[in-house]
Amino acid sequence: MSTLDGLKLSTAKKPAHIPQVVFRRNKLSNKLWEQIQLAKSQIDGTTFAVKKFRTVKDKETGLRKSVEVNKRLREWWFKNEQGKVCVAIKYGSQLIELAKGKTSVEVDNAQNLIRALEQIKIAVEQGELDTQIATASGNLRRAFNK
């Protein structure tokens with residue numbers, strides 16, 4: 001028992017399911033991480049690719065198999081009329097309203113773009129955008145049910 005004496009032992013159990021609000025937060029946080037890595041790779045002049053598995057049917061044998069492919073990533077940023085870089089945060093295909101009527105953040109250069117994305121990621125993880133995420137999720141769900 002002397003080896004375990006330095007650890008804080010508890011009776012905590014893993015929850016059976018994740019609350020919906022935490023699931024949505026994590027989903028958006030992961031997408032923001034991808035955008036940050038994509039922006040960093042463009043500054044460095046390297047390529048960034050996220051892998052995913054796709055099931056395909058072999059034409060010769062007729063068997064299904066999983067193949068690893070690159071996930072298609074689209075930039076969330078664009079240049080406005082004044083030449084400044086703007087980034088719009090998306091949950092699925094829905095734009096997240098960061099403030100009343102404001103859906104994008106304007107920055108001067110790529111380094112500030114990365115800082116802005118990191119700040120938004122922190123805000124998402126702290127739950128500051130939960131109501132906007134829930135609204136966007138509801139809009140997406142309604143679009144699928146039509």
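**A walk through the fold**

Of the protein's 146 residues, 26% count as buried. The model is a predicted one.

Begin with the overall plan. The protein holds three helices and seven strands. Along the sequence they follow the pattern α-β-β-β-β-β-β-β-α-α. The protein is more spread out than a compact globule, because its radius of gyration is 20 Å, well over the 15 Å that the globule rule gives for 146 residues. Along the principal axes, the C-alpha trace spans about 65 × 55 × 45 Å.

Contacts come next. Take those with a separation of 6 or more: residues 24 or more positions apart account for 49% of them.

S41 sits in helix α1, which covers residues 20-44. Its relative accessibility is 6%, so S41 counts as buried, since the cut-off for buried is under 20%. Beyond residues up to four places away in sequence, S41 touches T46, T47 and F48.

S104 belongs to strand β7, residues 104-107. This serine is partly exposed because its relative accessible area is 33%, and that class lies between 20% and 50%. Leaving aside neighbours within four places in sequence, S104 is in contact with C86, V87, A88 and L98. S104 and C86 are 18 residues apart along the chain, yet their C-alpha atoms are separated by 6.1 Å.

Key:
Residues are numbered from 1 along each chain as its sequence is written. This is a predicted model: local features need pLDDT of at least 70, side-chain atom pairs count only at pLDDT 80 or more; totals for chains, interfaces and linings use all residues. Side-chain values use heavy atoms; hydrogens and water are left out. Helices (H or I, at least four residues) and strands (E, at least two) are DSSP runs, numbered from the N terminus. Buried means under 20% relative accessible area, exposed over 50%, partly exposed in between (1.4 Å probe, protein chains only). Contact means heavy atoms within 4.5 Å. The radius of gyration is taken over C-alpha atoms; the globule rule is 2.2 Å times the number of residues to the power 0.38.
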